[in-house]
Amino acid sequence: MFSFNMFDHPIPRAFQNRFSTQYRCYSVSMLAGPNDRSDVEKGGKIIMPPSALDQLSRLNITYPMLFKLTNKNSDRMTHCGVLEFVADEGICYLPHWMMQNLLLEEGGLVQVESVNLMVATYSKFQPQSPDFLDITNPKAVLENALRNFACLTTGDVIAINYNEKIYELRVMETKPDKAVSIIECDMNVDFDAPLGYKEPERRPQHHEEPTEEEGDANSYADMDMGFRAFTGSGNRLDGKLKGIEPSPVPIDPSDIKRGIPNYEYKVGRITFIRNSRPQPRRTMEDDELSRFIAFSGEGQSLRKKGRKP
């Protein structure tokens, strides 16, 4: 007996378990049915025909099922997961943002291949509009939106829906590979400056020190706003108002007496002033008068002088 082998080497098992086929792709809005499938637009998963599930189950591929989508006409590719197997035969339905990345039109051909991707550890995004800065907690919003995605590809522009508004983010970087799986992973997320964002110009503020005259004028103005005695208005018993309301007379700067600075002040020295009034100089006569002399007083007698008993 003779055996014929068309190949020099046996086919590797990895190629035997590889799923690869072509479908005509349409956007989710073209999906027939009474149910609203707008949830597909909010994620990164596609809808495939039931025959794909039958073929994938026979190949015994690893889970989760991840696929590489390629547009051979434009040489563009991306990665995705699968949501359901309910599409018509020969047709698959893609989110609109994914068709834009692949430069595909309605009814275009797309190559679908099964792949195994590494688990993501880091990713960096760039918002495509400065409106993304209006979100209070962008990381929490992005984390909630990425739950509907299965994988990320560097260079893709994904779309997330928040508060009935669509925000587009470009995937700038992913680690450890250019295409990674984000299912059950611990991934660090970073943001780049939004596209078209300009930092506000900071004008240098020139603080001019006020002169002594300006400082005095400001202090006088502050003092003028304080309490002034006898500046109120009176009231009549008959209830009639006076013809002219009295206005407080502003304080004249010459009426304010400023203190005399201590020109002998030294740093680290505290001076206690007991009496701010200068004491008069004492003369020799004042010293003699104020000198104390013991038993120098004069006594008085109850008897009047000049009367004999």
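Strand 10 and strand 11 (residues 165-175) run antiparallel and are joined by six bridges, where strands are DSSP runs of E of at least two residues and helices are runs of H or I of at least four, both numbered from the N terminus. Within this pairing, Tyr 162 has Lys 165 of strand 11 as its bridge partner. The model is a predicted one, in which local features need pLDDT of at least 70 and side-chain atom pairs count only at pLDDT 80 or more, while totals for chains, interfaces and linings use all residues. Residues are numbered from 1 along each chain as its sequence is written, and side-chain values use heavy atoms, with hydrogens and water left out.

The two strands belong to an open sheet of four strands with mixed pairing, in the order 10-11-8-13; two strands count as paired if DSSP finds at least two bridges between them. Because strand 10 (157-162) and strand 13 (188-191) each have a single partner strand, they stand at the edges, and one side of each is left without a neighbour in the sheet. From one strand to the next, the twist averages 35 degrees. Helix 4 (residues 138-145) packs on this sheet and touches strand 8 (122-127), strand 10, strand 11 and strand 13, its direction making about 125 degrees with that of strand 13; contact means heavy atoms within 4.5 Å, and axes are lines fitted to C-alpha atoms, for helices over the stretch in contact, with angles from 0 to 180 degrees between N-to-C directions.

Turning to the cysteines, the count of disulfides is zero, a disulfide being a pair of cysteine sulfur atoms within 2.5 Å. The cysteine sulfur closest to that of Cys 80 is in Cys 151, and at 6.2 Å it is too far for a bond. Cys 80 counts as buried because its relative accessibility is 0%, and Cys 151 counts as buried at 4%, where buried means under 20% relative accessible area, exposed over 50% and partly exposed in between (1.4 Å probe, protein chains only).
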